[in-house]
Amino acid sequence: MNPPKCDELDYIHVLVAAQHVFSNTAAARCHPGAPTNRPAHAASTRLLHRCRADGTAVWDEVRPWVSLTTGCLMIDDTTLDKPYSRAMELVTRHWSGKHQRVVVGINLIRMLWTDGNAHLPCDFRIDDNAHDGLTKNDHVRAMVQAAAARGFQPRLLAFASWYASLENLTLVRSLPWQWLTHLNANRLGDPDGSGNRPIRDVPIPAAGTIVHLKGYGFIKVVAIATPAGGSDDWATSDLAMRADQWVEDARYRWRIEAYHRGITQYCGIERAQHRAARAQRNHIGLALRAFLRLAWHRLRTGTSWFEATAAIVREAIRAYLAHPRSTQLSTA
């Protein structure tokens, strides 16, 4: 059997190098080598159906870059827009924070590690409840348990209010980790022993206040000012957390949006044109691994993601020209 002409690194290089078109046909046209020896566009399709680009593959690649005992882990989800792909597997209707409405797309649940400067993906899941019967909270608990099995002992686990269920909070406490989350205003708590009331009715001083969260135990709640002039209620299991640390950690939580822009604009994570669920999952996993290269280059050189893209493309071209497949092209 002939070996495959397209591997995972080839596909990652295409994702980094492409600007607008991320199709397999475009990938075949830009591949080095003599015209008679270039991989067909179907080679990339076959790659996406056979490779293992899941959360474990992402972790295997990011492992040397993260610290297991420092930094924070963050969990959030986003909807990859697929407005014209209703026949595509994995595509369902989800709420989109970007559009502020329900849209058609693929819901990506991701875990990142951050030290305040780097934001590196460590794991991901796809919400496909219709086929696997798992909710988004099930996926989050699976990622938390996987992170603990890998040896993580982060300073903090931050996540969106959607994942602040009692089952999730109890799991994090059992590890034991500290957590930080945006708390919905209707969550019930008792600040003074007089009975439970919605958090929005609890007076919260600038330094925060201790509240007994119904069904869980004591937490610390603080109101953080928003740019629009309002305030958001945040909660943590770390009762001794300082106000300055609280604000900084909340900023870490919001910086995940910059990470999402990076994987969307520079790695084509929304651009896969495959209907099969397996191909879509593997494209997403390879796009995250492509982003790792941009992130690492930015951290090493201090350049932007756009400048990192150009540098990585140059390195890829040199690697391709040194590859036996491109000998005929480079000597022509």
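I take a residue as buried when its relative accessible area is under 20%. I keep that cut-off at hand for helix H4, my first stop.

**Entry 1: helix H4.** The model I have open is predicted. I looked up H4, which runs over residues 55–62. Which of its residues are buried? I listed Gly55, Ala57, Val58, Trp59 and Val62. I recalled that an α-helix has 3.6 residues a turn, so residues three or four places apart point the same way. Next I asked what covers the buried residues of H4. The cover includes strand S4 (119–126) and helix H10 (277–301).

**Entry 2: Tyr11.** I found Tyr11 in helix H1, residues 8–17. Is Tyr11 buried or exposed? Its relative accessibility is 4%, so it counts as buried. I then checked Tyr11 against Ala290. The two are 279 residues apart in sequence. In space their C-alpha atoms are 8.9 Å apart.

**Entry 3: cysteines.** How many disulfides does the structure hold? I noted zero. A disulfide is a covalent bond between the sulfur atoms of two cysteines. I also looked up the cover on two cysteines. Cys72 has a relative accessible area of 4%, so I logged it as buried. Cys122 comes to 1%, and it is buried too.

**Entry 4: a surface patch.** Ile210, Phe218 and Leu239 make a nonpolar surface patch of about 270 Å². Where does Leu239 lie? I placed it in the loop between strand S11 (231–236) and helix H8 (243–254). Its relative accessible area is 38%, so I put Leu239 down as partly exposed.

**Entry 5: the whole chain.** I noted 12 helices and 11 strands. The chain has 332 residues, and 49% of them count as buried. I checked the contacts with a separation of 6 or more: residues 24 or more positions apart account for 60% of them. The chain exposes about 15,900 Å². Carbon and sulfur atoms supply 54% of that area.

**Entry 6: confidence.** The mean pLDDT of the chain is 83. I noted that 85% of the residues reach 70 or more. Over residues 325–332 the pLDDT is below 50. This stretch still has 14 contacts in the model beyond near neighbours in sequence. Where pLDDT is low, the predicted coordinates should not be read in detail.

Terms used: Residues are numbered from 1 along each chain as its sequence is written. This is a predicted model: local features need pLDDT of at least 70, side-chain atom pairs count only at pLDDT 80 or more; totals for chains, interfaces and linings use all residues. Side-chain values use heavy atoms; hydrogens and water are left out. A disulfide is a pair of cysteine sulfur atoms within 2.5 Å. Buried means under 20% relative accessible area, exposed over 50%, partly exposed in between (1.4 Å probe, protein chains only). Patches are made of residues with over 30% relative accessible area and no salt bridge: like charges are joined within 9 Å, nonpolar side chains (Val, Leu, Ile, Met, Phe, Trp, Tyr) within 5 Å. Accessible areas come from the Shrake-Rupley method with a 1.4 Å probe; for residues, only the protein chains shown count as cover. A salt bridge is a side-chain nitrogen of Lys or Arg within 4 Å of a carboxyl oxygen of Asp or Glu. Helices (H or I, at least four residues) and strands (E, at least two) are DSSP runs, numbered from the N terminus. Contact means heavy atoms within 4.5 Å. pLDDT is the predictor's confidence in each residue, from 0 to 100.
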